[in-house]
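Thanks, everyone. I'll keep this brief: a look at one structure, going from charged pairs to a helix and then to the cores.

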Amino acid sequence: MYFDQHLCLFNIEAKTKEEILTTMAQMLLSHGIVKQDYLTGILEREQQYPTGLLVNSIGFAIPHTDSSKVNQSQICFASLKNPVIFSGMTDDKEQIPVKFIFMLAMKQPHEQVENLQNLIGLFQNEEQIKLLEQCQSTNEFISILNSAGVK
């Protein structure tokens, strides 16, 4: 299981992607899940290979970095009160207003690939996204992700 009660943020206010990514990475660091250089890795990777996705008019981001910066596998989730702008994954010129962020910290590279695939499937499931939009607890969040095959 890649979820921890303390690593889900609901209805969060953030002005920029750097602000929310820093908050999320610091949460992972404070729980010993990632190494000191994890945030730097996230920010550098986001510049080179942006992670914003627009699926069915909803913005998602899946920031992640190299597994060498991770101590144990975990997903940190944030739903934002107001979207923040991320560059597009398929077109870095595209500006995507992101509402949901799934920050991956995967110790094994194969976990990252599997979870990315399952998350994309979740993003395409309009019924599950409606549940995610209404989600206010970690238990609800875990149930939604488990039903999408993200473990």
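Start at glutamate 133, which is partly exposed, with a relative accessible area of 36%. Bear in mind that this is a predicted model.

What does glutamate 133 pair with? Its side chain meets that of lysine 99 in a salt bridge, 4.0 Å from N to O. The two sit in distant parts of the chain, 34 residues apart: lysine 99 in strand 5, glutamate 133 in helix 4. Lysine 99 is partly exposed as well, at 28% relative accessible area.

How many salt bridges does a search of the whole structure find? Four. Let me show you two others.

One joins lysine 81 to glutamate 13, at 3.7 Å from N to O. Again, distant parts of the chain are linked: lysine 81 lies in strand 4, and glutamate 13 in the loop between strand 1 and helix 1, 68 residues away. Lysine 81 has 47% relative accessibility, so it counts as partly exposed.

The other is lysine 69 with aspartate 37, where the closest N and O atoms are 3.7 Å apart. This one runs from loop to loop: lysine 69 between strand 3 and strand 4, aspartate 37 between helix 1 and helix 2, with 32 residues separating them. Is lysine 69 buried or exposed? Buried, with a relative accessible area of 18%, where the cut-off is under 20%. Aspartate 37, at 36%, is partly exposed.

Back to helix 4, residues 126–134. Its buried residues are Gln128, Ile129 and Leu132. What covers the buried residues? The cover includes strands 3, 4 and 5, along with helix 3 and helix 5. At the N-terminal end, asparagine 125 provides a cap: a side-chain oxygen lies 3.1 Å from the backbone nitrogen of glutamate 127.

Now the cores. The largest nonpolar core has 25 residues. Among those with the most contacts inside it are Ile20, Met24, Ile101 and Met103. Helix 1, helix 2, strand 4 and strand 5 each supply at least two residues. Which gives the most? Helix 1, with six.

Look at methionine 103. Setting aside residues up to four places away in sequence, its contacts include Leu21, Met24, Tyr38, Ile42, Pro63 and Cys76.

Then there is a second, separate core of 24 residues. Cys8, Ile129, Leu132 and Ile144 are among them. That brings us back to helix 4, where Ile129 and Leu132 are buried.

How values were computed. Residues numbered from 1 in each chain as written. Predicted model: local features only at pLDDT ≥ 70, side-chain atom pairs only at ≥ 80, totals over all residues. Heavy atoms only, no water. Buried < 20%, exposed > 50% of the residue type's maximum accessible area, 1.4 Å probe, protein only. Helix = DSSP H or I, 4+ residues; strand = E, 2+ residues; numbered from the N terminus. Contact = heavy atoms within 4.5 Å. Polar contact = N/O pair within 3.5 Å; in protein donor to acceptor, adjacent residues only side chain to side chain. Core = buried A, V, L, I, M, F, W, Y, C linked by side-chain atoms within 4.5 Å.
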